Structure formats: structure tokens, C-alpha cells
Amino acid sequence: MDVHNTENYQLNGSTAAAQWAALIPESGGLVRMGSENELFMVSMYHQLSCLDIIRRDYVEGSVGKAGTSSVTHHCLNYIRQMILCRGDRRLERVVDPFGEHAVEIRGTQTCNDCTQVYNGVRDNGKSL
């Protein structure tokens with residue numbers, strides 16, 4: 001996967017809202033597992049949902065609406081914990097410590113195939 005800035009997943013607008021919503025499967029990322037058919041949420045979808053909640057709260061704040069919600073605070077803490085627990089330890093070259101993009105784009109990197117997660121959750125979610 002080549003890492004670069006994209007025109008997709010903007011902060012605001014109907015296209016942005018639709019693109020962010022499309023990241024989460026119909027089941028909300030929930031799956032049933034085990035002999036007691038317990039309900040779980042896949043962490044990847046929890047993280048993506050939190051980013052979308054933070055995005056929406058940011059947009060609402062930029063147009064003068066109410067302050068951050070307790071859900072946004074939960075999400076900020078949750079994303080912080082996920083970064084600390086699962087953070088990428090590769091070094092990034094600093095190109096302009098005071099610029100908009102302080103570090104150099106890393107280029108190609110190997111990522112897990114998230115389509116397998118989407119397919120598994122979709123198949124499991126049919127029973128929800």
C-alpha cells in the first residue's frame with residue numbers, strides 16, 4: 001500500500017459522510033462468538049467509528065455547535081490507547097518540523113488485508 005494524502009475522507013460534506021459511513025459494515029462491526037453466542041465488536045471497527053465520531057464533533061464545533069460529548073472523550077482516550085499499544089515504531093524522516101507535513105511520506109508499506117476482516121464480519125453479521 002502506498003501511503004499518501006487523499007482527496008477521500010474529507011472532514012465535511014455529504015460525500016465525506018458517506019465515505020466514512022461506508023467503512024463500517026451493516027452489523028456495525030459486531031460479531032457473535034462462542035458457545036453462548038456472545039456479542040463482540042471488532043476493534044478495527046471500534047477505532048474507525050471513533051474517528052468518525054471525532055470527525056463529526058470537530059465539524060460541529062467548527063460551525064459553532066455544542067462542545068465535545070462524553071462519547072468523543074471516550075473515543076479520544078480509546079484511540080490514544082490503541083496507538084500506544086499497537087503503535088508503528090518505524091522512523092519517519094523530518095523534513096520541516098514547523099510545516100504542515102513535518103515528516104516525509106514513507107512510501108510503500110505492507111499492511112494486513114482488511115478485506116478479510118470485512119468479509120468475515122459480513123458473514124458473521126448475517127446472524128445478528
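Mentor: Buried means under 20% relative accessible area, exposed over 50% and partly exposed in between, using a 1.4 Å probe and protein chains only. The model is predicted, with pLDDT of at least 70 needed for local features and 80 or more for side-chain atom pairs, while totals for chains, interfaces and linings use all residues. Residues are numbered from 1 along each chain as its sequence is written, and side-chain values use heavy atoms, leaving out hydrogens and water.

Trainee: In what order do the elements of the chain run from the N terminus on?

Mentor: Helices (H or I, at least four residues) and strands (E, at least two) are DSSP runs, numbered from the N terminus. The chain has 4 helices and 4 strands. Their order is β-α-β-β-α-α-β-α.

Trainee: What share of the 128 residues counts as buried?

Mentor: The cut-off is under 20% relative accessible area. Of the chain's 128 residues, the buried share is 21%.

Trainee: Which residues make up the largest nonpolar core?

Mentor: Such a core is a set of buried Ala, Val, Leu, Ile, Met, Phe, Trp, Tyr and Cys residues joined through side-chain atoms within 4.5 Å. A total of 6 residues form the largest one. They are Trp20, Leu23, Val31, Tyr45, Leu48 and Val121.

Trainee: How many residues does the second, separate core have?

Mentor: Cys75, Tyr78, Ile79 and Met82 are among its members. The number of residues in that second core is 5.

Trainee: How does the ring of Tyr9 sit against that of Trp20, and what is the pair called?

Mentor: Rings of Phe, Tyr and Trp (its six-membered ring) pair if their centres lie within 6.5 Å; planes under 30 degrees apart count as stacked, over 60 as edge-to-face and the rest as tilted. The whole structure has 2 aromatic pairs. The centres of the Tyr9 and Trp20 rings are 5.6 Å apart and their planes are at 80°, so this pair is edge-to-face.

Trainee: Which parts does that pair tie together?

Mentor: The two residues are 11 apart in sequence. Tyr9 is partly exposed at 37% relative accessible area, whereas Trp20 is buried at 13%. Because of where these residues lie, the parts tied together are the loop between β1 (2-3) and α1 (14-22), and helix α1.

Trainee: How many residues apart are Tyr45 and Tyr118?

Mentor: Tyr45 and Tyr118 form an edge-to-face pair, 5.2 Å centre to centre with 75° between the planes. Tyr45 is in helix α2 (residues 43-62) and Tyr118 in helix α4 (residues 114-125), so the pair links distant parts of the chain. Their separation in residues is 73.

Trainee: Is Tyr45 buried or exposed?

Mentor: Tyr118 is partly exposed, at 23% relative accessibility. Tyr45 has 0% relative accessibility, so Tyr45 counts as buried.
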